[in-house]
Amino acid sequence: MIQEQLTSLIGKQISTKDFPEIDKIIQTLSTDLKTGKISKEDIDALNKNFGQEFLDNTLQGFGLRKPYDYTGDFLMIDKIYTYYKSPIKKYEIWDEYFHRQSAPKAVRNRKEYFKTILKEKFESYQEVHLMNVASGPARDLAEFYDQEKGCQLITSCIESDEHAIKYAKALNKNHLDKIQFVHSNIFKHREKNKYDVIWSAGLFDYFNDKAFIMIIKKFKDWLNPNGEIIIGNFNENYNPSRAYMEIFGEWYLHHRTEDQLRELAQVAGFKANQIHIGKEAQNVNLFLHIKM
Ligand SMILES: C[S@@+](CC[C@H](N)C(=O)[O-])C[C@H]1O[C@@H](n2cnc3c(N)ncnc32)[C@H](O)[C@@H]1O
C-alpha cells in the first residue's frame with residue numbers, strides 16, 4: 001500500500017500540496033519500523049524504489065548515496081546552508097520538501113548561532129583564538145570573516161576529511177592568513193596551543209557517551225583560562241524531522257536531552273556552575289557550553 005503510494009508520488013510532478021501525504025507516509029514507516037511490522041531491509045528496498053535518476057538528482061538521494069562514504073559530509077551540509085535545489089523541476093520540489101524539515105532549518109540556524117557567539121566574544125576580547133573541531137565546509141567561518149572585516153579571530157580547524165579541507169580552503173580563500181586547517185582525527189589529535197573557544201557542531205551527535213566524555217576531557221587541556229567549550233547536539237526531546245532523517249536519509253544520530261548533556265559534562269569533571277545549555281531558534285539543536 002505504502003509502496004504504491006510512494007511509487008505514484010515518485011512518478012508524478014509533486015507540489016507542496018503533496019507534502020502532508022509524504023509526512024504521513026514517513027510517520028507510518030517510522031512507527032511500523034519501531035513496532036517490527038517492517039524491517040530495515042524493507043526500508044532499504046523502498047529507498048531503492050525511488051530509482052537511480054531520483055537518487056542522483058535530489059538531496060534525499062545524495063544522503064542515501066553517501067558519495068564521501070559517511071552521512072552529513074561537508075557537501076551535504078553546505079547544500080543545506082546554501083538552500084541548494086536541483087535545477088530539474090521535477091526534483092526541485094523534493095529538495096524543497098527536504099529543506100522544509102526542521103533538521104536542515106536547525107543546521108542553518110546553528111551557523112547563525114556560531115556567528116553570534118563569536119561576535120559576543122569580541123565584546124571582551126581583542127583577539128580570539130578559536131579551535132573549530134570538524135569544520136566541514138567552514139561556511140560559518142567564511143561568513144564571519146566576511147562580515148567582521150579586520151577582526152582578530154585566529155582559527156585552527158581540525159578536520160579528518162581532506163575533501164572537506166580542500167572545499168573549506170576555497171570558501172575561505174580570502175581569510176587563509178587567519179585560518180589553519182589541520183588534517184587530523186580528533187580522537188588521535190595532539191595539540192600544543194591553547195584556545196579561548198573550542199567549538200564543535202555536527203560531530204558529537206555521532207559519538208556514544210564514552211567517546212563524548214573522552215573528547216571533552218581532552219578539550220579541557222586545550223583551553224585558555226576563561227576559555228569556553230561549545231558543543232552542538234541534536235535534541236532528544238524535540239526533532240520533528242527525526243523520522244525523515246532516519247527513514248529517507250539513513251541519518252542516525254545520538255540525540256540528547258539538556259540533562260543528558262549536563263550530566264556528560266559533569267562525568268567529564270566539570271562543575272554544574274560551569275555548564276549551561278543554549279539552543280537555536282528551532283530548539284532542534286542544543287549547545288552544551290562549558291566555561292572555565
Ligand atoms: C556534519 S559535518 C559538520 C561540519 C561543520 N561543523 C558544520 O556544522 O558546518 C561533520 C564533519 O565532521 C568531520 N569529522 C567526522 N569525524 C571526525 C573526527 N573524528 N575528527 C575530525 N573531524 C571529523 C567530517 O569529515 C565532517 O566534515
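**Ground rules.** I number residues from 1 along each chain as its sequence is written, and side-chain values use heavy atoms, with hydrogens and water left out. Since I'm working with a predicted model, local features need pLDDT of at least 70 and side-chain atom pairs count only at pLDDT 80 or more, while totals for chains, interfaces and linings use all residues.

**Entry 1: how the search works.** Rolling a probe the size of a water molecule over the atoms shows where empty space is left. The search runs on a 1 Å grid over the protein atoms alone: a cavity is a set of points where a 1.4 Å probe fits but cannot get out, a pocket is an open set with protein on both sides within 12 Å along at least five of seven lines, and lining residues have an atom within 4 Å of a point. Grid points are joined across faces, edges and corners, and a volume is the space filled by probe spheres set on the points.

**Entry 2: the largest pocket.** I looked up its volume and got about 560 Å³. It has 37 lining residues, and G72, A134, E159, G202 and L203 are the closest to its centre. Which elements give two or more residues to this lining? They are α6 (74–81), α8 (102–121), β1 (127–133) and β2 (152–159); helices here are DSSP runs of H or I with at least four residues, strands are runs of E with at least two, and both are numbered from the N terminus. The largest share is from α8, with 4 residues. Sorted by class, I get 21 nonpolar, 9 polar and 7 charged residues. For the classes, Ala, Val, Leu, Ile, Met, Phe, Trp, Tyr, Cys and Pro are nonpolar, Asp, Glu, Lys and Arg are charged, and the others, Gly among them, are polar.

Where does this pocket lie? Domain 1 (2–101) and domain 2 (104–291) both give residues to the lining, so the pocket lies between them. The domain bounds come from an automatic or database domain assignment.

**Entry 3: the ligand.** I found 18 residues around the ligand, with Y81, A134, E159, N185 and A201 coming nearest (near means a heavy atom within 4 Å). Next I checked polar contacts (pairs of N or O atoms within 3.5 Å). R110 puts a polar side-chain atom 3.0 Å from a ligand oxygen atom. A polar backbone atom of A134 is 2.7 Å from a ligand nitrogen atom, and a backbone N or O atom of A201 lies 2.8 Å from a nitrogen atom of the ligand. Taken alone, the ligand exposes 600 Å², and the protein buries 92% of that (areas by the Shrake-Rupley method with a 1.4 Å probe).

**Entry 4: the second largest pocket.** This one has a volume of about 150 Å³. Its lining includes I117, E120 and K121, as well as H276 and H289. α8 gives the most here too, with 3 residues. By class I get 2 nonpolar, 4 polar and 4 charged residues.

**Entry 5: cavities.** How many cavities of 30 Å³ or more are there? The search of the whole structure finds 2. The largest cavity holds about 140 Å³ of space. Of its 16 lining residues, F98, P104, Y244, M245 and W251 lie nearest the centre. Its largest share, 4 residues, is from α12, which spans 242–249. This lining has 12 nonpolar, 4 polar and no charged residues. Domain 1 and domain 2 each give at least three residues to it.

The second largest cavity holds about 40 Å³, and its lining includes F62, Y70, D73 and W251. By class that lining has 4 nonpolar, 4 polar and 2 charged residues.

Conventions. Polar contact = N/O pair within 3.5 Å; in protein donor to acceptor, adjacent residues only side chain to side chain.
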